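I wanted to look up how the inside of this chain is packed. My notes follow the order in which I checked things.

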Amino acid sequence: MFSKPTWQSLFTAIMYGFMYFPIIVLAVYSFNGSRYSTTWEGFSLEWYRALFQDRRIFAALMDSLTIALVAVAVSAVLGTLMAIGLAKYRFWGKGIYRGISYLPLIIPDIAIAVATLVFLTSVAIPLSLWTIIAAHIVFCLAYIAVVVSSRLQNLDPNLEEAALDLGATPFQAMTKVLIPQLAPGIFAGCLLAFVLSMDDLLISSFTAGGGVNPLPLEIFSRVRTGVKPDINALSVVLITGSALISGLAEYVRYSSERRQRQRA
């Protein structure tokens, strides 16, 4: 016998439907043979073929991949070191520094974008690919540091202390004992930061220079005059890719925590 649904479950179902029903409609119409989304003219892969033959889309994708990969690589190093420093060392102003480090997580993107543009203009730095990368490092750094910090809280500090007692230098203990334990958290944080960097529109639009056209800016420029079927297809590809990367990050995090509980 099925239990009577409660108002909480009904409200949850309505909210999930409100969030995901538009995505389902978009996915369905990406296979529509019609050039317009108002009528259905049969199943077709025409718009996916047109998407994969669009050179502007691939050029924008390469710009986004370059920005995301460089920003994530730099943020992985700096974010890991920041998380370790905040967890293991005491210094004056640590609480203030911790709060400032995590501000990009709560400050709206538009505020970060405007502040970055004002700063770059005030110091006369021309906008380019590298200004976008620098701006992306700011928020990627915070996300990776948060994930690594959560991983640090579940580690056994005795392992690193044992390595120091056996003659390892602090650097050796960090690189050979601590970092391997943090690797799943670092990897998960990098995947999350990569997805956020690929999807960013506001910060990229304020810090992009001439000749740089990341994928979100290319999509935005096309939908200003109406959503075309090839953009529906591109959106489905991006949503699927983001979901797979996010799922992989969560799987890595869950697997590492489960192995750690089994060892304990």
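I began with the largest nonpolar core, which has 22 residues. I take a nonpolar core as buried Ala, Val, Leu, Ile, Met, Phe, Trp, Tyr and Cys residues joined through side-chain atoms within 4.5 Å. Buried means under 20% relative accessible area, with a 1.4 Å probe and protein chains only; exposed is over 50%, partly exposed in between. I144, V148, L152, L178, L182, C190 and I203 touch the most other members. Helix 3 (55–88), helix 5 (109–122), helix 6 (129–152) and helix 8 (170–199) each give two or more residues to this core. Helices are DSSP runs (H or I, at least four residues), numbered from the N terminus. Helix 8 gives the most, seven residues.

The model is predicted: local features need pLDDT of at least 70, side-chain atom pairs count only at pLDDT 80 or more, and totals for chains, interfaces and linings use all residues. Residues are numbered from 1 along each chain as its sequence is written, and side-chain values use heavy atoms, leaving out hydrogens and water.

Next I checked how helix 3 and helix 8 pack. I found an angle of about 140° and axes 8 Å apart. Axes are lines fitted to C-alpha atoms over the stretch in contact, and angles run from 0 to 180 degrees between N-to-C directions. Contact means heavy atoms within 4.5 Å. Among the residues making this contact are L61 and V72 of helix 3 and L178 and C190 of helix 8.

Last, I looked up D54, in the loop between helix 2 (46–52) and helix 3. D54 counts as buried, at 16% relative accessibility. Leaving out residues up to four places away in sequence, D54 touches R222 and D230.
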